[in-house]
Amino acid sequence: MTPNYPRVTHILSATEDEKSRNRLRKWQNKMDRIHGANHAEQISEEARNNGTRFHLAIEKFFTEGKRPNYSDPNDYLEQRRWDNAEPHLRIIANEYLALEKEVISHKHQYLGHLDCLAWNNGRPIICDWKTSKRVKQKSWLTDYFLQATAYALAVDEEGQLDPIEECRIYIFSPDKAQLFTLNPNDYREQWLSRLEKYHATQLVAV
């Protein structure tokens, strides 16, 4: 039975710094002001749905070798995204251990859902894919790095593999595929600090 622990994504969202919160609020207000009420949420919902479909396409590609069919002319951006992603995915598809794997840290009391656990030169690595409409800068991706670090710590806690020393964050956009690599040990203390902040906030709320 899955324990009632908070998810990594929820923890990160709940402990986001005020600067990031203000940036998001300004964007939401701008979208709603220009395009009408709830437009920002509509954009966010569309992005979530596109991300889910892309994850499902990757899973089918890995397990069945089938490429997605983007025959609708309206899907040309998704086709471009896939064309950028496929060379990277082909490499991982030959070396993956698990897809959409749920991981749990009983020690730190959180759970998550990692995209892919794979081999690289005989060592286990975590791969996490994100979809985006545009190219990202590394300075924007700290929470993605912390998310991958949390997953790495949970996998290490299982004790079935060598310690995770590499995580890969793939950003797939219609313009290009970006790859950011990190050693979770470099972000471990920052993640545990966010986790401690979250648990402290929950105690105050109670």
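This is a predicted model: local features need pLDDT of at least 70, side-chain atom pairs count only at pLDDT 80 or more; totals for chains, interfaces and linings use all residues.

Biologist: What share of the chain's residues counts as buried?

Modeller: Of 206 residues, 38% are buried. The chain also exposes about 12,200 Å², with 47% of that coming from carbon and sulfur atoms. As for contacts at a separation of 6 or more, 65% are between residues 24 or more positions apart.

Biologist: What makes arginine 81 count as buried or exposed?

Modeller: Its relative accessibility is 5%, and buried means under 20%, so arginine 81 counts as buried. Arginine 81 sits in helix α4, residues 76-93.

Biologist: Which residues does arginine 81 contact, leaving aside neighbours within four places in sequence?

Modeller: Phe54, Thr131, Ser132, Phe172, Ser173 and Pro174. A contact here needs heavy atoms within 4.5 Å.

Biologist: And alanine 98, buried or exposed?

Modeller: Alanine 98 has a relative accessible area of 18%. The cut-off for buried is under 20%, so alanine 98 is buried. Alanine 98 belongs to strand β1 and touches Asp115, Cys116 and Leu117, not counting residues up to four places away in sequence. Its C-alpha is separated by 5.7 Å from that of cysteine 116, 18 residues apart along the chain.

Biologist: On to the sheet. In what order do the strands come?

Modeller: The five strands form an open sheet, β1-β2-β3-β4-β5, with mixed pairing.

Biologist: Why are β1 and β5 called edge strands?

Modeller: Strands β1 (96-105) and β5 (177-182) each pair on one side only. Across this sheet, neighbouring strands are turned by 35° against each other on average, ignoring direction.

Biologist: How do you know that β2 and β3 pair?

Modeller: Two strands pair if there are at least two bridges between them. Strands β2 (residues 110-120) and β3 (residues 123-131) have five bridges, in the antiparallel sense, so they pair. Cysteine 116 stands opposite cysteine 127 in β3.

Biologist: Why would you call β4 largely enclosed?

Modeller: Because six of the six residues of β4 are buried, it is largely enclosed by the rest of the structure. That takes in both faces: Cys167, Ile169 and Ile171 point one way, Arg168, Tyr170 and Phe172 the other way, and all are buried.

Biologist: Which helices lie across the strands of the sheet?

Modeller: Helix α4 lies across β1, β2, β3, β4 (167-172) and β5, running at about 155° to β4. Helix α5 lies across β1, β2, β3, β4 and β5 too, at about 85° to β1.

Biologist: How do you know that α5 has the span expected of a helix?

Modeller: Helix α5 (residues 142-158) has 17 residues and reaches 25 Å from first C-alpha to last.

Biologist: Which residues of α5 are buried?

Modeller: Among them are Phe145, Leu146, Tyr151, Leu153 and Val155. Just after α5, glycine 159 takes a positive phi of about 70°.

Biologist: What unit does α5 make with β3 and β4?

Modeller: A right-handed β-α-β unit. With the strands pointing away from you, the path from β3 over α5 to β4 runs clockwise, so the label is right-handed.

Biologist: Last one: what does lysine 138 touch, not counting residues up to four places away in sequence?

Modeller: Phe145 and Phe180. Lysine 138 lies in the loop between β3 and α5, and its C-alpha is separated by 9.9 Å from that of glutamine 178, 40 residues apart along the chain.

How values were computed: Residues are numbered from 1 along each chain as its sequence is written. Side-chain values use heavy atoms; hydrogens and water are left out. Buried means under 20% relative accessible area, exposed over 50%, partly exposed in between (1.4 Å probe, protein chains only). Accessible areas come from the Shrake-Rupley method with a 1.4 Å probe; for residues, only the protein chains shown count as cover. Helices (H or I, at least four residues) and strands (E, at least two) are DSSP runs, numbered from the N terminus. The expected span of a helix is 1.5 Å times one less than its number of residues. Axes are lines fitted to C-alpha atoms, for helices over the stretch in contact, and angles run from 0 to 180 degrees between N-to-C directions.
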